[in-house]
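Subject: Structure handover and findings

Hello,

Here is the structure you asked for.

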Amino acid sequence: MGIYDRDYMHRQSSGNAMNGSQALFTIIAVNVIFYFSQGRIGADFILQTGGTFGVKTIMQIFTAGFMHADFWHLLFNMWGLYIFGKLVTPHLNGKKFFILYFSGVLAGNLLFLAFNWHTGNRLLGASGAVCAVMAAAATLEPERKFVMLLMPFAPLKTTTLVICYTILEFLFSFNRYTNIAHLAHLGGFIGGYITMRFMFGKRLPWDPLRKIFKSIPKPDFASTPPPPNSSADRANETRVSSQELDALLNKLSTSGINSLSEYELARLRKARRQMRGEE
């Protein structure tokens with residue numbers, strides 16, 4: 001039986017759960033609907049600084065992530081969301097993509113609020129969420145390359161592009177005479193990175209702070225050798241049968257990699273070595 005004949009290769013399209021691409025297009029559609037409804041819903045969904053922090057402000061922190069000042073504001077944000085979202089959606093299901101989007105909205109808008117509460121400024125737009133998706137794309141697809149128009153550079157890797165953009169947003173955030181919420185963008189990058197760390201941990205293909213985390217001293221018990229009958233030892237005792245591999249891949253497809261135990265991950269690694277002829 002070929003790999004494309006297995007049940008888990010068809011489950012994503014036939015199941016009821018929303019996949020990452022469906023979540024991406026749903027979010028784009030909601031942003032478009034909000035834009036064309038702004039004349040009726042008014043400014044109540046735009047984040048207003050100043051006054052009293054209450055229930056309305058909490059609502060606006062989230063709804064402002066779907067509001068846009070004009071058509072070009074909407075177009076550029078949705079184009080960026082689509083470009084980088086398509087890199088991320090193969091790695092995330094619908095629920096996780098929604099979490100990523102709202103983590104960017106929340107982190108970006110809260111960082112903006114922290115430094116602008118008494119200014120009376122307004123904030124709207126999905127830019128913080130787009131920056132969160134950009135950060136996710138850099139951590140999950142670091143080797144993808146982009147050709148930037150009007151820039152005399154060779155194609156840029158996702159990591160280079162996101163690092164340069166983050167540095168620029170940090171520098172621009174010191175400019176008080178601008179209508180662009182650079183702090184919200186910077187907060188979006190932070191929220192996206194933290195979300196990816198939480199979801200994937202050490203499995204991230206690229207982590208800008210990995211060396212820092214490695215340098216943090218570990219507890220003494222972390223260096224103690226595993227018991228003789230550890231999961232890794234037991235996982236390597238016997239060959240992985242096709243039936244066992246099917247069950248593992250079905251579980252991986254249904255519940256995600258986080259649902260696998262250390263023993264099951266070790267069995268998958270052993271199966272990969274078997275297929276490569278290394279065992």
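First, the ground rules. This is a predicted model, so local features need pLDDT of at least 70 and side-chain atom pairs count only at pLDDT 80 or more, while totals for chains, interfaces and linings use all residues. Numbering starts from 1 along each chain as its sequence is written, and side-chain values use heavy atoms, with hydrogens and water left out.

Overall fold

The protein chain has twelve helices and four strands. These are DSSP runs numbered from the N terminus (helices: H or I, at least four residues; strands: E, at least two). Of its 279 residues, 39% count as buried. Buried means under 20% relative accessible area, exposed over 50%, and partly exposed in between (1.4 Å probe, protein chains only). A contact means heavy atoms within 4.5 Å. Among contacts with a separation of 6 or more, 71% join residues 24 or more positions apart.

Cores

The largest nonpolar core has 38 residues. Such a core is a set of buried Ala, Val, Leu, Ile, Met, Phe, Trp, Tyr and Cys residues joined through side-chain atoms within 4.5 Å. Leu81, Val88, Leu92, Phe97, Leu100, Tyr101 and Met196 have the most contacts inside the largest core. At least two residues each come from α2 (20-41), α4 (71-88), α5, α6 (127-140), α7 (158-172) and α8 (182-200). The largest share, eleven residues, is from α6. A second, separate core has nine residues, including Phe112, Leu123, Ala181 and Ala184.

Leu92 is worth a look. Beyond its neighbours within four places in sequence, Leu92 is in contact with Gly20, Phe97, Leu100, Met196, Met199 and Phe200.

α5 against α6

These two helices pack at an angle of about 125 degrees, with their axes 7 Å apart. Axes are lines fitted to C-alpha atoms, for helices over the stretch in contact, and angles run from 0 to 180 degrees between N-to-C directions. α5 and α6 are therefore oblique to each other. The classes are: under 35 degrees roughly parallel, over 145 roughly antiparallel, 65 to 115 roughly perpendicular, the rest oblique. On the α5 side, the contact uses Phe97, Leu100, Tyr101, Ser103, Gly104 and Val105. On the α6 side are Gly128, Ala129, Ala132, Val133 and Ala136.

α3 against α5

The axes of α3 (residues 55-63) and α5 (residues 94-116) come within 8 Å and cross at roughly 125 degrees. This pair is therefore oblique too. Thr57, Ile61 and Phe62 of α3 meet Phe102, Val105, Leu106, Asn109, Leu110 and Leu113 of α5. Within α3, Thr57, Gln60, Ile61 and Thr63 are buried. The buried residues of α3 pack against β1 (47-48) and α5.

Thr195 and Ile99

Thr195 is in helix α8, and Ile99 is in helix α5. Is Thr195 buried or exposed? At 10% relative accessibility, Thr195 counts as buried. Ile99 is partly exposed, with a relative accessible area of 41%. Not counting residues up to four places away in sequence, Thr195 touches Ile99, Leu100 and Ser103. Ile99 and Gly192 are 93 residues apart in sequence, yet 9.5 Å apart in space, C-alpha to C-alpha.

Best wishes
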